[in-house]
Amino acid sequence: MNGTVTGAPRRPPPLRSMLVQSTWSRRRDRAGFWFVAPFLTLFVVLLLAPLGYAVYTSLYTTRIIGGTTFTGAANYTQTLQSGEFWSGVIRVIIFAAIQIPVMLAIAFFFATIFDLGVAKYGTLFRTIFFVPFAVPAVVGAVMWSFLLEPQFGPFVHLANALGFGGTDYFSSNLILPTIIVIVIWEWTGYNMVILYTALRSVPRDVIEAAILDDTPLWKIILKVKLPMVRPAVVLLVFINTIGALQLFTEPLILQYFQTQAISVNFTPTLYIYNTAIAGGQYNLAAAAAVILGVVIVIISVSSLFVRRRRSEV
Amino acid sequence: MSATTVARPGPEPGPAVPPPPRPRRGGGDEDSIPIEYYGLRRGTVTAVTAACVLFAIFTLIPIAWLIINSTKTQANIFESFGFWFASPFVFGKNFVLLFQNVDGYGVYFRWFGNTVLYAVVGGGGATALAALAGYGFARFRFRGSRALFYLVIAALLVPITAITLPLYLSYAKVHLIDSVWGMILPSMVSPVGVYLMRVFVEVSVPRELIDAARIDGAGELRIFFRLALPLMVPGLMTVLLLNVVTVWNNYFLPLIIFSQNQLYPLTVGLGLWSQRAQNSGNAQIFPLIVLGGLVTIVPLIALFLILQRYWRSGLLLGSIAN
C-alpha cells in the first residue's frame, strides 16, 4: 500500500462531508436498484402478476349460462374432494421419495469416484454421463417408449432372451418404476456434475490429514466429504423435489404411445392441464394449481428441515 | 557470490531453494491426491471402472438407438433388430422429409428455426437480465434488496401451471396469443439465473476493485461493463447454457400458449407427431419422430462440448450455494 494514501485524516471528518458521503452512497445504492430493475419488471409482470391472477381466477366460476360469478372457496372444495387429484398427488410424492434418493446415491457414488480419480478415463465418463441433460424430456420419453415397447421393443427381446418372457414395462405395476428409470436417466448426470464440483472444492489438507490419521477411505467419504458438501446436497434435494412434484412431460408422452398404460390424470400437473385445456374449466384448474403450489411449499421446505435436523444429530 | 548481488535490494532466491509451489487453481484434475495414498484393495480401479462402463452403456443406449433407427424405414423400426442397421438405409430420405409438411401437422425445420429464435433471444435475454440483477443484488444494498432477493428465490416454489395458465388467459386480452413474444418474454425470467449470477459475483468480483474504480470516478455502468463483466464470464457462460437448454427443452409453456403449429418449438412439434403417430394414416411419421428427436439434441450436445471449459468451472456455483 502507498504511504500517501494511508495517511488518514487526523481529525474526525466534519459533519458536512459525512452528509455528502452518505448521499453519495445513497445515490450509489439507488444505482443498485437500477441494475435489478429490468429483471424485476419482467418478474413482476410475467411471474407475480400471473400468480396473483391465478389466485383471483380460482375464486370465481364461469358458466356458459350465467357468466362469471364469485364462488369463494367452491373450486378449492371441489379440488380437495377430487379423488383423482389426490391420487395424483400421492403418486408424485411416492415418485419423489424413491427417485430422488436413488438418483442422488448414484450421482454421489460417481461424483466420489471422479473426485478421487480412481476410475480410468474419468473425464470421458463424466462427459458421457452429462449428455442426457441436453436431451429434452419429450425426446427422452419418446426414445424410452420405443425401447420398452411391449411388442417390438428391443428391451422386451432382451428380457425374452434372458428368460423373463412377457415383461410389460407399461403395466400398471411397472409404469411408475419405468418413469423413475427414465427420469433417473435424464437427471443423474446433472446432479453428478454439481456434486463433483462441490467435492472438488473440499480443501485438500482436510483429506490429507484424514489419510495421515489412517482413516479408512469409506469413512473419509461419508464422514468427512459428505458433510462438507451438504449445502450442495440440500440444494439438489430441494430442486429435484420441486421438479418431481410437477412431473408432466414424461407421463404425457408415454400416454401417446401407450394409451392404456397411464390414467389421464396420472399426476397433479396432468390433472390441471386436462381440467384447463381439455375441460375448459380454468377456474377449477387455477384452484388445483394453487393447491399444488401449497403442497410443493410444504414438502420441499419440510424436506430442508428434516435434512438439517438429521445431520445435526 | 559476488558483491553486486549482495548489494542488490530485495530477496534473491538461492539456487538450492525449490521454486515456490504453483498457486492452486480449484477444480483441476492435476490437483488430485495420488490414488496410491488411499490404500485401496487390489481390483478397486477395475471394479469402479466397470461400474462406470455399465452406467455409460445405460446412458448411451437410447441415443445409440436413436442414431441407428434414424436411418430406417418405418417397417424396419418395428421389425428389424433395434441395435443394428437394416437395409434400406434411408437417412437421407428421412432427412429430406423433415423439410416437408407432414400430414398437415407442420414442418420440422420451421420448428427448428422457432426453437433457435426462442432459445437465443429468450435464453440470451434471461442471461443478460440475470447478470445485471445478480450484480445488483451482490454488490449493492438498497431499500428492500434482501427481501426482494428472497422473493426471487421463493418464486422457484411456484408451480409452472400456476404461472402458465393465467399467462394464457391474459394473453387473450393483450393480443399475445400466437405471438412469439408470448414465448420469449416469460423465458427471460430466470430466478435460478439471478441466484447463480449473484453467487458468482460474490466470489469473482472483489468489492475492493469496484471501490477503487469508484474513487477513480468511474460511473456505475462503466464499472459493470468494463470491470465486473469480464470477471463474470465463466459464470455468465454457465448461466447462458442453462438458460438456453431450459428454453430449448421447454414444453409446457409453448404447449399451452400456441394454437398454430407454425409457431411451435421442436418439443411441441415432436409431441404433436407422437400424439398423432398411433392413428396417423401417414406411413412415414415414426422415422420422422426418431430423426427429429436426433436433430433436436445434436445442437445442444455440440454447445455443451464447445462450452465445456466454462460450465465445468461455472457449475461450481451450485456447490458454493448455501
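This is a predicted model: local features need pLDDT of at least 70, side-chain atom pairs count only at pLDDT 80 or more; totals for chains, interfaces and linings use all residues.

Student: What is the mean pLDDT of chain B?
Tutor: On that confidence scale, 85% of the residues of chain B reach 70 or more. For the complex, the predictor gives an ipTM of 0.86 and a pTM of 0.87. The mean pLDDT of chain B is 84.

Student: How many contacts beyond four places in sequence does the model have for residues 1–29 of chain B?
Tutor: Two residues are in contact if their C-beta atoms, placed from the backbone, lie within 7 Å. Over residues 1–29 of chain B, pLDDT stays under 50. For this stretch, the count of contacts beyond four places in sequence is 11.

Student: How many residues does the contact between the chains take from chain B?
Tutor: From chain A, the contact takes 83 residues. The partner side, on chain B, gives 84 residues.

Student: And which helix gives the largest share of the side of chain A that touches chain B?
Tutor: Helices (H or I, at least four residues) and strands (E, at least two) are DSSP runs, numbered from the N terminus. The largest share comes to 20 residues, and its source spans residues 15–58 of chain A. That is helix 2 of chain A.

Student: How far does helix 4 of chain A reach from its first C-alpha to its last?
Tutor: The expected span of a helix is 1.5 Å times one less than its number of residues. Helix 4 of chain A (residues 83–116) has 34 residues, with 50 Å expected. Its reach in the model is close to that, at 49 Å.

Student: How many of the nine residues of helix 12 of chain A are buried?
Tutor: A residue is buried if 20 or more other C-beta atoms lie within 10 Å of its own, exposed if 12 or fewer, and partly exposed in between, with C-beta atoms placed from the backbone. Helix 12 (residues 249–257) of chain A is mostly covered, and what covers its buried residues includes helix 8 (175–200) of chain A and helix 14 (266–277) of chain B. Among the buried residues are Glu250(A) and Phe257(A). The number buried is eight.

Student: Which residue is the bridge partner of Tyr60(A)?
Tutor: Two strands pair if DSSP finds at least two bridges between them. Strand 1 (residues 60–63) and strand 2 (residues 67–70) of chain A run antiparallel, joined by four bridges. In their hairpin, Gly66(A) takes a positive phi near 110 degrees. The partner of Tyr60(A), in strand 2 of chain A, is Phe70(A).

Student: How far apart do the C-alpha centres of the two domains of chain B lie?
Tutor: Domain bounds come from an automatic or database domain assignment. For chain B it gives domain 1 (41–97) and domain 2 (108–320). Their contact takes 11 residues from domain 1 of chain B and nine residues from domain 2 of chain B. The C-alpha centres of these domains lie apart by 31 Å.

Key: Residues are numbered from 1 along each chain as its sequence is written. Chains are lettered from A and ligands numbered from 1 in the order in which they are written. pLDDT is the predictor's confidence in each residue, from 0 to 100.
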